[in-house]
Amino acid sequence: WPAHAPEIDAILRLKQQRDAVVLAHNYMTPEIFHGVSDIRGDSLALAREAAKSEAAVLVVAGVHFMAETAKLVNPDKTVLIPDRRAGCSLAESITAADVRALRAAHPGVPVVTYVNTSAAVKAESDICCTSGNSVRIVESLGVPRVIMLPDRFLADYVARRTAVEIIPWPGQCEVHERFTEEDIHTMRRAVPGVAVVAHPECPRDVLEAADHVGSTAGMIDWLKRERPASVFLVTECSMSDNVAAEMPETRFVRPCTLCPHMKRITLTGIRRALETLSPSVDLDAETAARARVPVERMLAVR
Ligand code: 13P
Ligand code: SF4
C-alpha cells in the first residue's frame, strides 16, 4: 500500500514499542487489513484470538462492541478503539432495560444475544452468539424456545434452520437491510454465472436468492473453496477489496454498501491510539463481570 507507506511504517514501529497487536475486522479498508493488522477475521475469530493474545495492548480495528468484547475477555489489558464513535445500528437498537422487559414477558426463556450489542445488554444475557455460530449456540442450550436479539433477520435465518422456537427483537443492520432481492436478480442478468454470497443480516428474500449465506469469514472461506470466476458479495464494500487483493483471478462485482461506523477507523486513528494509548475501553467492573459470562459461554461451545 505505497500511498500509505509512512503511516504504515510508523504503526509497525509503534506496535513493537508498545507490545501491541492490531485486530482487524474483515470490513476494514485494505491498507489497514493487509497493511498493519496481526489478527484478521469475523467477530467470532476476533473474540477467540483476543482471548488468546499475549500482547500488552490490543488495538481493535473494528466497531465499539468488538473492542468491548476484546476487553471482556482481557480485563487486565489495555484495549484501544481508534474512534469511540464507531458504533453499530444493531447495538443501538436495544438497551439492558429492553432485555429485562423481554425476560419478564417470557419467564424462564433463555436470552441468546448477538455480539453486536453493548456490554450492558450482554450483562442481561445467558449466552452470546455471532453470525458464524448462531444455530450451533441456539441448539447448544437444549431448550424448546429462546429469545434471540437484537437482529430480526439473523433471528429469522436461524429460525429456518432449527426446530427451536425463536422469539426475535426488531433490530436491523443499517448496511445489510438495504440490499434487495431485485439487486441480486439485476446482477445475475448483468453478469451471467455470477456467484452470490450474502451475510445473514440481510432480509430473508435476499438470503433465499443467494447461492451461499455465511458470516464474513464463512463468505470468504466459501469463496476460496469454490473460486468462482465472478462474485457478488452482498455485504460491506471493503470485504470485496480485501479478498480481491488475494484472489486476482476472481472478478468482484458491486453494488455494495459502506458501514459508516467501520469507516471511522483509519490508519491515522490507529497511529494516534498507539501513540497516546487512548481511547481505551474501560468498563464498569460489575457490568463487565456479568457481561463476560455469556461471552465465555459462547467461546466454550465448539
Ligand atoms: P461477522 O461476525 O460476520 O464478521 O459480522 C459482523 C458484522 O458487523 C456484520 O455486519
Ligand atoms: Fe453494525 Fe451493520 Fe456496521 Fe456490522 S455493518 S457494524 S452490523 S451497522
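Predicted model: local features only at pLDDT ≥ 70, side-chain atom pairs only at ≥ 80, totals over all residues.
Start with the whole chain. Laid along the principal axes, its C-alpha atoms fill a box of roughly 55 × 55 × 30 Å. Just how much is tucked away inside? Of the residues in the chain, 47% count as buried. Contacts also reach across the sequence: among those with a separation of 6 or more, 63% are between residues 24 or more positions apart. As for secondary structure, the chain holds 15 helices and twelve strands.

Four of them line up in the order β2-β1-β3-β4, and the pairing is parallel. At the edges sit β2 (39-41) and β4 (78-80), each of which pairs on one side only. From one strand to the next, the twist averages 20°. In general, strands of a sheet pair through backbone hydrogen bonds, and they can do so in a parallel or an antiparallel way. Within this sheet, β1 (residues 20-25) and β3 (residues 57-61) are joined in the parallel sense over five bridges. Here L23 stands opposite V60 of β3.

Next comes a helix, α13, which spans residues 237-244. Which of its residues are buried? They are C237, S238, M239, N242 and V243. The cover over these buried residues comes from several elements, including the helices α2 (30-33) and α12 (216-226) and the strand β11 (230-234).

That leaves the ligands. Around ligand 1 there are 13 residues, and D42, S43, S131, S215 and T216 are the closest of them. What kinds of residue make up this shell? Nine are polar, two are nonpolar and two are charged.

Ligand 2 also has 13 residues around it, with C88, S89, C173, V175 and C259 coming nearest. Sorted by class, this second shell divides into seven nonpolar, three polar and three charged residues.

Notes
Residues numbered from 1 in each chain as written. Chains lettered and ligands numbered in written order. Near = placed C-beta within 6 Å. Nonpolar A, V, L, I, M, F, W, Y, C, P; charged D, E, K, R; others polar. Pairing = 2+ DSSP bridges. Helix = DSSP H or I, 4+ residues; strand = E, 2+ residues; numbered from the N terminus. Axes fitted to C-alpha atoms, helices over the stretch in contact; angles between N-to-C directions. Buried ≥ 20, exposed ≤ 12 C-beta atoms within 10 Å, placed from the backbone. Contact = placed C-beta atoms within 7 Å.
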